[in-house]
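Keep the viewer open as you read.

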Amino acid sequence: MAGKVVLYTDGACKGNPGPGGWGVVLRYGDTRKTLHGGEPQTTNNRMELMAAIKGLEALNRPCEIELYTDSQYVRKGITEWMAGWKRNGWKTSAKKPVKNEDLWQELDSQVARHAVNWHWVKGHSGIPDNELADELANRGVEELANG
């Protein structure tokens, strides 16, 4: 595996559903890279998932990753709930289809390429790279609005 990479990911949505954006801050040694994008009609949870997917996709070889998200939905989904969903054929414990199954499956395939340690951080608490990921996610929304 390549060296240690730090990712901060965040999603944003104006209306839920509504226009949404995602942002990623990627650090490897002294190098920092930022990524962002958006979708015209989505949800906050989908954008949180998309941020993690896009951050992992940006790595062109297997890495050891410290991934920080302010989304308990993403962190708990990947670390606690996904094994059961897969065991149950992508159904919840209540036998309902898993929401955002397409993105969870994509995240699962990206995670399989790497060694990922998942961390939850409190949003809007002054952590510089988390604040930047939030700004990038909002930029994704703004760029959609501005055409």
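A residue counts as buried under 20% relative accessible area, as exposed over 50%, and as partly exposed in between (1.4 Å probe, protein chains only). Tryptophan 85 is buried by that cut-off, at a relative accessible area of 10%.

This is a predicted model, where local features need pLDDT of at least 70, side-chain atom pairs count only at pLDDT 80 or more, and totals for chains, interfaces and linings use all residues. Residues are numbered from 1 along each chain as its sequence is written, and side-chain values use heavy atoms, with hydrogens and water left out. The pLDDT is the predictor's confidence in each residue, from 0 to 100. The protein averages 95, and 99% of the residues score at least 70.

Now the rings. Those of Phe, Tyr and Trp (its six-membered ring) pair if their centres lie within 6.5 Å; planes under 30 degrees apart are stacked, over 60 edge-to-face, and the rest tilted. Five aromatic pairs occur in the structure. One of them joins tyrosine 73 and tryptophan 104, edge-to-face, at 5.3 Å centre to centre with 65 degrees between the planes. Tyrosine 73 sits in helix 2 (residues 72-87) and tryptophan 104 in helix 3 (residues 101-111), so this pair ties together parts 31 residues apart in sequence. Helices here are DSSP runs (H or I, at least four residues), numbered from the N terminus. Tryptophan 104 is buried, at a relative accessible area of 0%.

Tryptophan 85 pairs with tryptophan 90. That pair is tilted: 6.4 Å centre to centre, 40 degrees between the planes. Tryptophan 90 is buried too, at 13% relative accessible area.

Finally, the wider grouping. Tyr73, Trp81, Trp85, Trp90 and Trp104 make up one aromatic cluster.

How values were computed. Helices (H or I, at least four residues) and strands (E, at least two) are DSSP runs, numbered from the N terminus.
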